[in-house]
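Visitor: Please take one part of this model and go through it closely. I would like the strand pairing and the charged contacts around it.

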Amino acid sequence: SASELILVEDEMTDTEDNEEEDLGVMDDQRSVILHLISQLKLGMDLTRVVLPTFILEKRSLLEMYANFMAHPDLFLSIAAGATPEERIICFVEYYLTAFHEGRKGAVAKKPYNPIIGETFHCSWDVPKDKVKAFRTNGASTVPRDPTKEFGQDQSTCYKLRFVAEQVSHHPPVSCFYCECKEKKMCVNAHVWTKSKFMGMSIGVSMVGEGVLYLMEHEEEYVFTLPSAYARSILTIPWVELGGKVNISCARTGYSATVTFHTKPFYGGKVHRVTAEVKHNPTNTIVCKAQGEWNGTLEFTYSNGETKVIDTNKLAVIRKKIRPIAKQGPLESRHLWQHVTNSLKEGNIDAATEHKHRLEERQRAEERQRVALTTPWKPKYFAKEGDGWLYLNPLWKTH
């Protein structure tokens, strides 16, 4: 099968830093944006609007989803919770810390729109001693030294694998699937991004949902994703998250609401988030959280205990990825390598040219499929109902 061709042995620790230079918009770029804005109407759908290349971030949206797993130790710890209550609280802790790494740098840039059939593969080696059962009483997190690279001894690590694929072009749907066989847990998600023009900002809503499966506990946690907003697009654009997301487990009756607060027009803090975990049958709130999704988060439990997590002090476990030479033509980094290299060199014209070629090729192939009435068939995911499912998920093989 296609998945067998991806050799994990070929994967190497990723050295890309994904840091974006925090420069404001140059004058000549500002006029391009102004020209673009002049042609847009409020509330207009931006899906088919070609945005200027200089606002691009040097990675594909598929890879950005992989960066949500930058704290795989917290992710794997969910399954270690002793009770349903502990497990959903662990999920909320992981969820709240997942966004800061996916959004590197203060400047809002846009990842590449994946082309149909594009895929992204990576994995993480997670030291087993980092994956701890959750204890509300031992609520202080040990400060971790991010300068120390984790030992890569395979026997002391859990393996977490990730695959993402762009399964549809209109609407633009991305799917991703992530699993750890040893911990008998996996997550399957499909996301359709919708961009909307809102004057001095651009709103991107993430339509779709993910499901986390914990096989040992026979639990499924359904979750949604927040919207993102690129603000002050004419000066120094920045990103904020907004909206209410839900996490729920039908089997245990626990659910959580996470609210990403957008900054009020006057005063107020940015990047604020609050959360509440509830046991629905008894209508009890078992945990509350507040803070900033890219700063400090404070958790308060029903027994009065508290715990603080500073997202900037959490050690990031780098993903492992195969070198471009060993990647297939449709894998993100291989596909976008010329655009990325041109952006790194600051050669915007060359980047635009390479990007244009990719998009032109995609349009030509799309026209061909329409002419031959052959629908696109994804490699790793299949459509089921409103969603998409990975073809060979853990729960089928167990």
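Guide: Lys196 has Gly203 in strand 8 as its bridge partner. That pair belongs to the contact between strand 7 and strand 8, which run antiparallel and are joined by 13 bridges. Strands here are DSSP runs of E with at least two residues, helices are runs of H or I with at least four, and both are numbered from the N terminus; two strands count as paired if DSSP finds at least two bridges between them. This is a predicted model, in which local features need pLDDT of at least 70 and side-chain atom pairs count only at pLDDT 80 or more, while totals for chains, interfaces and linings use all residues. Residues are numbered from 1 along each chain as its sequence is written, and side-chain values use heavy atoms, with hydrogens and water left out.

The hairpin of strand 7 and strand 8 has four residues between the strands, and Gly199 there takes a positive phi near 85°. Strand 8 also pairs with strand 10 (residues 227-231), in the antiparallel sense, over three bridges. Within that pairing, Val204 has Ala228 of strand 10 as its bridge partner. With strand 9, strand 8 forms five bridges, again in the antiparallel sense. Leu212 stands opposite Tyr221 in strand 9. The hairpin of strand 8 and strand 9 has four residues between the strands, and Glu218 takes a positive phi near 50°. In a regular strand, side chains alternate between the two faces of the sheet.

Glu216 and Lys184 form a salt bridge at 3.9 Å, N to O, where the term means a side-chain nitrogen of Lys or Arg within 4 Å of a carboxyl oxygen of Asp or Glu. The pair links distant parts of the chain, 32 residues apart: Glu216 is in the loop between strand 8 (202-214) and strand 9 (219-223), and Lys184 is in the loop between strand 6 (173-180) and strand 7 (185-197). Glu216 counts as exposed because its relative accessibility is 53%, whereas Lys184, at 28%, is partly exposed. Buried means under 20% relative accessible area, exposed means over 50%, and partly exposed lies in between, with a 1.4 Å probe and protein chains only.

By this rule the model has 20 salt bridges. Another of them joins Glu366 and Arg369 at 2.8 Å, N to O. Both residues lie in helix 8 (residues 348-372), three residues apart, about one turn of the helix.
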